[in-house]
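I opened this entry to keep track of what I looked up. The notes follow in the order I took them.

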Amino acid sequence: MKSENQLDKDTVLEVHNLSASYNRKPVLWDIDFRLKGGQLIGIVGPNGSGKTTLLRNIMGLMEADSGYVRLFGQDLNKVRQRVSYVPQRESVDWNFPVSVREVVEMGRYRPSNLMRRLQSSDQDLVDLALEKVGMLEYATRQISQLSGGQQQRVFLARSLAQNADLYLMDEPFVGVDAATEDAILRVLSELRDAGKTVVIVHHDLQTAYQYFDAMVLLNTRLVAYGAKDDVFTRENLQEAYGGRLTVLSKLSELIARSEFPVREKGFKEKSGEGDAAGK
Amino acid sequence: MSIEAFYIILTGALVAASSALLGSFLVLRRMAMLGDAISHAVLPGIVIAFLISGHRESLSLLIGAAASGLLATFLIELLHRKARLQEDASIGISFTWLFAIGVLLISAYTGQVDLDQECVLYGEIAYVPLDQISFGGLWTGPRPVLISATLFVLTLAYIIISFKGLKLLSFNEDHAKSLGIRTQVWHFSFMAMVSLVTVLAFEIVGAILIVALLVVPAATAFLWTRSLVPMLILAVALGIAASAGGYYLALGLNGSIAGAMVSVAGIFLAITVLLKVLVRKKA
């Protein structure tokens, strides 16, 4: 048991020399990293930096120009049952005539059971997932009657019902209320504590440091990846976010507040300059 | 009601019901115009099947139509995914090109083809009772009734068997792919069914009005329901009602039955929208 656990803690997600383009415009350029399992991992970068494209490439939803991806050391098709993907909430039509429960049931759909009824063990997993996100009492509601936060919880429940080892989520914190944010974070932490791996595309730098254990910092190219303290340095953020000084000046505050260790002399002076230039 | 009237209404109802079932998923997948595309793209298949078989024998027509419907689906996918054209442009190019070939073939082989362009564009449901077929004395009746009944059973069976797959594909295709489901297989089987129903509707309401049978009852049902099965049932009921209502409207006005059927379906939708707007204003 321990050795299996050990394997899970080792590299769960590897991306090798991945380049991808959209409408002939390069979006990802030579991305190469490995991530250990059992942690909350943020894919962070400015708008248009290729975060969603990276996730779609990992899930084989678009063709890469070059490079490849390994999950648990294998091709995606061999480990699909262990991987759960949550697209952006806005990517589906929430007026679709299905109930909350029906959406979560889709997390139990497999190529093998698509023409059969779900088993009672599947239904139990659906109940459990609905309960974890606090949506059990809304199970019979049509999804168009939900708030944004509730919609995101339904998506999370569908993903939980898949009972995977690796979760890949695209912007789960966008447009949700504070209660939902807490609920999502709690569920994700539970997953992490159970030894599972959660990879989240996240655009908000303010909260990224607080949410994640490790990060991939992206801006078409890979800027940095690894433990959050190693990634969240002024140089890396400057490289990823470039001249967006308003963001950076907010960040220096944030870094100071989160007692991020100042490794270099003159950090304060530098951040002072940044502020001045921003104004 | 005369037996002729009954056969006309029955044929219209069966075709409208099959169209409504498939059309519901077209509407939910936001592919209503793909139905329009398929309905035009089946024309060259029909004409070629005609030229090869030499008569209006329906099986070869169905095969020809399904083949060219799938060819259109394939062309659209090819232009969109491989040539990386926009999807709407891919649809616009594929179906007009195939329809053009069909028109060219009809006009070039007018002598051999017992199909006139009027009939292709507007259909002729009024001739349904004239095309009689007999099964060794067991059953004698119009061939279109038999074919549309067979196709309705086939469509219903397809929808029941594929219900979960179609629901998953329609709600969130990327999620379906991430589960390892071969969405292309589902997409092509669905489009093959749309092509089959389309070729039948072709004889009855013509190429232009098919898309109305696919989309209008389904869209009306979508506005009234909150769950998929009730939506499908209501769409079928509205299709049948449009067929019956259309027949009597055409009788009263001494006009085209196909035109009347689609007009009635449109009136159902108009009433729905009106009621929804009024209710929303009150609330």
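What share of the contacts in chain A between residues at least 6 apart in sequence join residues at least 24 apart? I noted 71%, where two residues are in contact if their C-beta atoms, placed from the backbone, lie within 7 Å.

Ground rules, before going on. This is a predicted model, in which local features need pLDDT of at least 70 and side-chain atom pairs count only at pLDDT 80 or more, while totals for chains, interfaces and linings use all residues. Residues are numbered from 1 along each chain as its sequence is written, and chains are lettered from A and ligands numbered from 1 in the order in which they are written.

Chain A, overview. I looked up the elements and found eleven helices and nine strands; these are DSSP runs numbered from the N terminus, helices (H or I) of at least four residues and strands (E) of at least two. Of the 279 residues in chain A, 41% are buried, that is, have 20 or more other C-beta atoms within 10 Å of their own, with C-beta atoms placed from the backbone.

Chain A, sheet. I traced an open, antiparallel sheet of three strands in chain A, ordered E2-E1-E4; two strands pair if DSSP finds at least two bridges between them. Strand E2 (25–36) and strand E4 (66–71) of chain A are at the edges with a single partner strand each, so one side of each has no neighbour in the sheet. From one strand to the next the twist averages 15°. Strand E1 (residues 11–22) of chain A pairs with E2(A) over eight bridges, in the antiparallel sense, and Ala20(A) stands opposite Leu28(A) in E2(A). Helix H2 (residues 51–58) of chain A packs on this sheet, touching E1, E2 and E4 of chain A, and its direction makes about 115° with that of E1(A). Such angles run from 0 to 180 degrees between N-to-C directions, with axes fitted to C-alpha atoms, for helices over the stretch in contact.

Chain B, helix pair. I checked helix H2 (residues 32–41) of chain B against helix H5 (residues 87–108) of chain B: they pack at an angle of about 20°, axes 8 Å apart. H2(B) and H5(B) are therefore roughly parallel (angles under 35 degrees). Among the residues that make the contact are Met33(B) and Leu34(B) of H2(B), and Phe95(B) and Leu98(B) of H5(B).

Chain A with chain B. The contact takes 20 residues from chain A and 21 residues from chain B. On the chain B side, helix H8 (163–171), helix H9 (173–178) and helix H11 (228–253) of chain B each give two or more residues.

Terms used: A residue is buried if 20 or more other C-beta atoms lie within 10 Å of its own, exposed if 12 or fewer, and partly exposed in between; C-beta atoms are placed from the backbone. Angles under 35 degrees count as roughly parallel, over 145 as roughly antiparallel, 65 to 115 as roughly perpendicular and the rest as oblique.
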